[in-house]
Structures are given as C-alpha cells and as structure tokens.
Amino acid sequence: MNAVSTNDLHQWLNTILQPQRFRDYCPNGLQLEGKPEIRHIITGVTASQALIDAAAQRGADAVLVHHGWFWKNEDPCIRGPKHRRIAQAIAHGLNVFAYHLPLDAHPELGNNAQLGRILGFEPERTPEGEPMRCGPEDLIWIGRVPEGATLESLAGQVHNSLGRAPLFVGNPQQSVRRIAWCTGGAQGMMEAAVQAGADAYLTGEASEQNFHLAHETGTGFIAAGHHATERYGVKALGEAVAREFGIRVEFLDLDNPI
Ligand SMILES: [Zn+2]
C-alpha cells in the first residue's frame with residue numbers, strides 16, 4: 001500500500017485549493033497534525049465525533065472534511081464535545097484536514113461544480129471558459145437547467161438525485177431556465193441570485209425571510225439540505241487524492257437530515 005507524507009499531502013491540497021485566496025470563517029488546511037505518513041484517509045462532510053470515531057475504528061491516518069473545527073464565532077476553549085473530538089483524534093494519531101470555502105469554490109472538484117454536475121445544470125461560462133459566478137466571494141454559480149423544467153419538476157428532480165425531499169417556495173408551475181446555486185448554508189445570499197436574474201435559487205438551508213423574498217421577487221427558492229448538497233465536493237477531492245498518490249481513500253456519508 002502506498003503512502004504519502006503528511007507535509008506533501010498538505011502542500012498538494014493547498015496548491016489545488018489555494019486557501020490563501022479566501023477570507024474564511026475557519027482555518028483551512030491541516031487543522032490537527034497527526035502521524036507523519038498517510039496510507040488511508042477517511043473523507044466526509046463534517047469532522048463530527050461519529051466521523052472521528054469511524055476513522056479511528058478503521059485505523060485511518062487522516063480525515064479530510066469540508067466542515068472542520070475552530071470556527072470564528074465559537075468559544076475557542078477546548079472543552080466538552082470539542083475536547084472529546086480532538087482528544088480522540090490525537091489518541092489515534094489522526095491528521096485532520098479541512099477545507100471550507102476553497103472547497104465550495106473549486107471549478108472542478110468543488111461542492112458547487114459537483115452539485116451542478118449531479119443535478120444536470122449547465123454552468124454559464126465566461127469567454128475564458130470559467131464558470132459564471134456572483135455573490136459574496138463569488139460563491140454562487142449560474143447556469144441552465146434541463147429544458148422544460150418548472151419549479152415543481154425541478155424540486156422532484158432534486159429529490160431523485162439527492163435522495164431527500166427539498167423544501168421549495170414559489171409558484172410550482174413557473175418555468176425555470178436559469179438557476180443560481182450555492183451549496184450549504186447560503187440562504188442569506190439569495191438577493192445576489194435575484195439580482196443576477198435567476199428564475200430560481202437553490203441552496204442547502206432555509207431561513208424565514210427566503211419565503212417572503214421568493215414571493216415578492218418571483219424567484220423560486222429551493223432548500224435541498226446542507227449535508228445533501230455538500231457531500232460531493234469532498235468526495236471528488238478524495239478521489240483526486242487517491243488518483244494522485246495511490247493511497248486508500250474512503251468516503252463516509254454519515255446521514256444528516258439538515
Ligand atoms: Zn457547509
């Protein structure tokens with residue numbers, strides 16, 4: 001079985017994802033240093049206790065996640081659940097790699113790129129071939145949905161593709177051609193999607209005001225699940241790591257209905 005040094009993997013991930021380009025709410029990269037060599041990685045959406053336990057049980061050397069630790073507005077003290085996660089990871093020599101906004105944004109491996117692929121959205125592109133984006137940190141993608149879609153049929157397609165019924169707001173029969181999307185908790189960015197002229201905006205979570213904004217602007221709103229929309233980036237990134245280094249990478253989809 002092949003191995004890669006923790007430093008080499010860290011450097012490679014940073015070259016691919018360029019975390020220095022983002023103003024983020026958490027540190028991106030190697031958040032917790034473990035063993036110096038990595039043969040087996042567990043990937044997952046969130047470095048929860050369940051994921052850390054599963055990685056320890058499988059004898060993995062690292063976890064690679066989208067939601068790591070040490071968020072900006074949280075208490076920095078290492079107590080309670082946070083202590084238990086960190087203590088368990090240290091006890092098993094696990095490296096914890098986390099990439100938040102850089103993984104949302106990556107043009108091929110990112111959450112938005114991968115969700116668009118899964119849902120059959122065709123991204124609009126600039127003359128240089130870059131995907132068209134808007135909103136804070138350019139996180140929202142814009143594209144075309146398959147011909148003839150209504151808000152209701154699109155919600156049905158999202159249900160089939162993600163295995164989870166989405167919440168949708170707006171006239172079910174309104175036609176949707178142009179869609180804006182941003183995975184995860186991006187419900188607060190809906191106005192940028194409205195300004196961009198999208199017929200509908202799809203994200204992971206919903207807030208109370210999305211209902212009013214959808215009705216008052218005629219822009220359909222779909223909340224398809226935070227976890228459900230963010231499974232695909234870290235999975236694609238893990239597959240890229242496996243191809244590059246020939247090491248064992250396992251994606252664990254630990255269910256989360258939110
Ligand atoms: Zn997220």
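**Chat about surface and aromatic rings**

Colleague: How much accessible surface does the protein chain have?

Modeller: About 11900 Å², and carbon and sulfur atoms own 49% of that. Accessible areas are Shrake-Rupley values with a 1.4 Å probe, and for residues only the protein chains shown count as cover. This is a predicted model, where local features need pLDDT of at least 70 and side-chain atom pairs count only at pLDDT 80 or more, while totals for chains, interfaces and linings use all residues. Numbering runs from 1 along each chain as its sequence is written, and side-chain values use heavy atoms, leaving out hydrogens and water.

Colleague: Switching to rings: how many aromatic pairs turn up?

Modeller: Five in the whole structure. Rings of Phe, Tyr and Trp (its six-membered ring) pair if their centres lie within 6.5 Å; planes under 30 degrees apart are stacked, over 60 edge-to-face, the rest tilted.

Colleague: Why does the pair of Trp-141 and Trp-181 count as tilted?

Modeller: Because their planes meet at 45°, with the ring centres 6.0 Å apart. Trp-141 sits in strand 9 (residues 140-144) and Trp-181 in strand 11 (residues 178-181), 40 residues apart; strands (E, at least two residues) are DSSP runs numbered from the N terminus.

Colleague: Is Trp-181 buried or exposed?

Modeller: Buried, at 0% relative accessible area, and Trp-141 is buried too, at 2%.

Colleague: Which residues do ring pairs link into a cluster?

Modeller: Phe-121, Trp-141 and Trp-181.

Definitions and conventions: Helices (H or I, at least four residues) and strands (E, at least two) are DSSP runs, numbered from the N terminus. Buried means under 20% relative accessible area, exposed over 50%, partly exposed in between (1.4 Å probe, protein chains only).
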